[in-house]
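Subject: A structure to look through

Dear colleague,

I am handing over the structure below, and I would be glad if you could read it alongside the notes that follow.

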Amino acid sequence: MPKKKRAGEAGRQSLRKLLRLPVGEPVDLSAYDAAGTPGGPADKKAGLAAVAGFAPRLADLQERLYAASTAGDRRRLLLVLQGMDTSGKGGTVKHVISHFNPSGCRIRAFKAPTEEESAHPFLWRVARALPEPGEIGIFDRSHYEDVLIARVRELAPRTEIENRYGEIAGFEKSLADGGVTVVKVFLHISYEEQRARLLERLDNPEKHWKFNQGDIEERALWPAYQEAYEIALQRCATDRTPWYLVPADRKWYRNWAISRLLLEHLEELDPAYPKGNFDVAESRARLLAT
């Protein structure tokens, strides 16, 4: 995590403990190496192999979570992805979905609020997008945009933004109380890597659709966004809803780390297939008689 600490291969250690930001402590993003691979495999090849190895386990746990909901289990998981432009939120969503049955997932990408959404409290549209029991939800950006962009661009009075931190904390507590496992991930990309990815979009005509002139304007506000993130990461973290910082300069590590984090959370939930409420032998005999 911090630059002064270099973690090697640690396949059996808890990645949740390794990537979790300390709760209640100031956050200095410059102290974390965006190109690091804390707890990760030795290289990209090993990382891809590791993900392929535990992908079946992820699929099995998702199926069990969904199956358990049919018997009244109200638990579900919500992955919240935040990060600077080009940090890989969309790529992470694509990678995560490859592990699961899409019918059991609920994905929402939050953009600028619509006229209808703006007429409601800022958490209104977020509450409507939450996963149902048994589902895995993924937020590409989230309610945190309302204390990030709003703070940097001064889209709301500072007193209102200050109040939103408390509203977010209360909202996430209600989610945890209601059976939602909230996995909040900050994808930490470096200033230099962002430039390289934006240049890649400009140099490849097939990626022009992903480029926006506003990306350059937002990049000019990098220090302000880093400060806004540091404030949000500190003030909106609790023991039940912590933040995980995932270095995102190396895409293969980012994908491995997110997959591992999901695996650890789902294994802790340990959902079970519900027992049938029918006589198996009798049903089997009837079926064979048809």
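Which residues have the most contacts inside the largest nonpolar core? Before the answer, please keep in mind that this is a predicted model, in which local features need pLDDT of at least 70 and side-chain atom pairs count only at pLDDT 80 or more, while totals for chains, interfaces and linings use all residues. Residues are numbered from 1 along each chain as its sequence is written, and side-chain values use heavy atoms, with hydrogens and water left out.

The residues are Phe139, Tyr144 and Trp243, and the core that holds them has 40 residues. A nonpolar core is a set of buried Ala, Val, Leu, Ile, Met, Phe, Trp, Tyr and Cys residues joined through side-chain atoms within 4.5 Å, where buried means under 20% relative accessible area, exposed over 50%, and partly exposed in between (1.4 Å probe, protein chains only). Among the elements that give two or more residues to this core are β1 (76–83), β4 (180–188) and β5 (243–247), and the largest share, 7 residues, comes from α10. Helices (H or I, at least four residues) and strands (E, at least two) are DSSP runs, numbered from the N terminus. Leaving aside neighbours within four places in sequence, Phe139 is in contact (heavy atoms within 4.5 Å) with residues including Leu78, Val80, Phe110 and Leu130. A second, separate core of 33 residues includes Leu61, Ile97, Tyr253 and Leu262.

Turning to the strands, 9 of the 9 residues of β4 are buried, so β4 is largely enclosed by the rest of the structure. Both of its faces are covered, with Val180 and Phe186 among the buried residues on one side and Thr181 and Leu187 among those on the other. Strands pair if DSSP finds at least two bridges between them; β4 runs parallel to β1, to which 8 bridges join it, and also parallel to β5, with 5 bridges. Arg76 stands opposite Val180, whereas the bridge partner of Val185 in β5 is Tyr244.

Arg125, in helix α5 (residues 124–127), counts as buried at 6% relative accessibility. A polar atom of the Arg125 side chain lies 2.8 Å from the backbone oxygen of Lys111.

Finally, a search of the whole structure finds 0 disulfides, a disulfide being a pair of cysteine sulfur atoms within 2.5 Å. Cys105 is buried at 12% relative accessible area, and Cys236 is buried at 2%.

With best wishes

Note on methods. Polar contact = N/O pair within 3.5 Å; in protein donor to acceptor, adjacent residues only side chain to side chain.
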